[in-house]
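Below are some comments for a colleague who has the sequence and the coordinates to hand. They are set out as numbered points, beginning with a single residue and moving on to the chain as a whole.

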Amino acid sequence: MAGRISIDLFTTLDGVAQAPGGPEEDPGGGFAFGGWQAPLLDEASGAQVDEGIQDMDALLLGRRTYDIFASYWPHHLDGPDASIARKFEMIPKYVASRGTPELGWRGSSLLGEDLAAEVGALRERHRSIHVIGSIDFARTLVAEGLYDQLNLWVHPIVVGPGKRLFPENGPSAALELLGAEPATEKGVVLLRYRPTGLAPATGDMGSR
């Protein structure tokens with residue numbers, strides 16, 4: 001059975017997924033709210049994230065997110081985040097980049113140029129591959145239909161301009177809701193979707 005590609009994203013209520021972790025994470029476009037997720041972290045959403053991480057057997061990242069992870073997680077193998085750090089340390093890390101970056105984090109390798117072929121090979125090699133953050137790369141996967149599940153942690157905050165998974169210029173898609181977790185103490189809701197491969201249906205409310 002082929003493995004599954006899951007995209008894990010933290011978003012605001014208005015769909016922005018840019019720089020949830022800190023001000024320097026991605027200031028592109030003059031983004032003014034880097035680190036918007038920090039005040040909304042709570043135990044329940046942290047447990048949801050950790051559950052997904054412990055289940056994965058491969059990590060698939062865009063170049064910017066890889067650099068952030070590689071500069072942080074190898075240095076936190078002990079302490080409160082040790083379970084996540086040790087999991088990331090032991091599983092393979094695959095990186096999508098248009099360049100040829102030096103990948104110094106243990107178990108890291110660069111994807112080839114044929115993304116569809118590379119994703120297909122990952123499905124044959126692994127059971128559960130997760131893309132975390134990596135908003136630009138996630139957009140590409142969604143546009144090309146190269147994913148199986150979308151996990152959105154939606155936070156009760158509106159920030160306005162910023163990078164979104166679904167930009168105004170498309171592409172369009174119909175999704176099926178697989179599940180919705182109750183809101184956490186800080187009001188975070190986890191929504192799980194799968195792509196249907198279909199275009200959105202339309203109708204006429206006046207004909208009902």
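1. In this predicted model, D26 has a relative accessible area of 5% and is therefore buried, since residues under 20% are counted in that way. D26 belongs to the loop that runs between β1 and α1. Leaving aside residues up to four places away in sequence, D26 touches Q18, A19, F31, R64 and K163. The C-alpha atoms of D26 and T65 are 9.4 Å apart, with a separation of 39 residues in sequence.

2. One of the residues touched by D26 is A19, which deserves a look of its own. A19 is likewise placed in the loop between β1 (4–12) and α1, and its backbone has a positive phi of about 45 degrees although the residue is not a glycine. With a relative accessibility of 3%, A19 counts as buried.

3. S134 sits in the loop that links β5 and α5 (135–143), and it is buried, its relative accessible area being 6%.

4. V131 is a residue of strand β5, and its relative accessible area of 0% places it among the buried residues. Which residues does V131 touch, if those up to four places away in sequence are not counted? They are I5, S6, I7 and D8, together with L60, F137 and L141. V131 and L61 are separated by 70 residues in sequence, yet their C-alpha atoms are 5.6 Å apart in space.

5. The pairing of helices α1 and α3 can be described in some detail. Helix α1 covers residues 43–55 and helix α3 residues 82–90, and the two pack at an angle of about 25 degrees with 10 Å between their axes. Angles under 35 degrees count as roughly parallel, and α1 and α3 are therefore described in that way. The crossing in which α1 passes α3 is left-handed. On the α1 side the contact is made by D50, I53 and Q54, and on the α3 side by S83, I84, K87 and F88. By residue class, this contact comprises 3 nonpolar, 2 polar and 2 charged residues.

6. Not counting residues up to four places away in sequence, V188 touches L40, S45, W153, V154, H155, P156, P182 and A183. V188 and L165, by comparison, are 23 residues apart in sequence and 18 Å apart in space, taken from C-alpha to C-alpha.

7. Is L110 buried or partly exposed? Its relative accessible area is 35%, so L110 falls in the partly exposed class. L110 is located in strand β4, which spans residues 108–110. Residues up to four places away in sequence being left out, L110 touches V95, S97, G99, T100, P101 and L103. The C-alpha atoms of L110 and R123 lie 16 Å apart, although 13 residues separate the two in sequence.

8. Turning to the chain as a whole, the protein has 5 helices and 8 strands, and along the sequence these follow the pattern β-α-β-α-α-β-β-α-β-α-β-β-β. The C-alpha trace spans about 60 × 40 × 35 Å along its principal axes. Buried residues account for 40% of the 208 residues.

9. Of the contacts in the protein chain between residues at least 6 apart in sequence, 69% join residues that are at least 24 apart.

Definitions and conventions
Residues numbered from 1 in each chain as written. Predicted model: local features only at pLDDT ≥ 70, side-chain atom pairs only at ≥ 80, totals over all residues. Heavy atoms only, no water. Axes fitted to C-alpha atoms, helices over the stretch in contact; angles between N-to-C directions. Helix = DSSP H or I, 4+ residues; strand = E, 2+ residues; numbered from the N terminus. Parallel < 35°, antiparallel > 145°, perpendicular 65-115°, else oblique. Left-handed = near helix turned anticlockwise from the far one by under 90°. Contact = heavy atoms within 4.5 Å. Nonpolar A, V, L, I, M, F, W, Y, C, P; charged D, E, K, R; others polar. Buried < 20%, exposed > 50% of the residue type's maximum accessible area, 1.4 Å probe, protein only.
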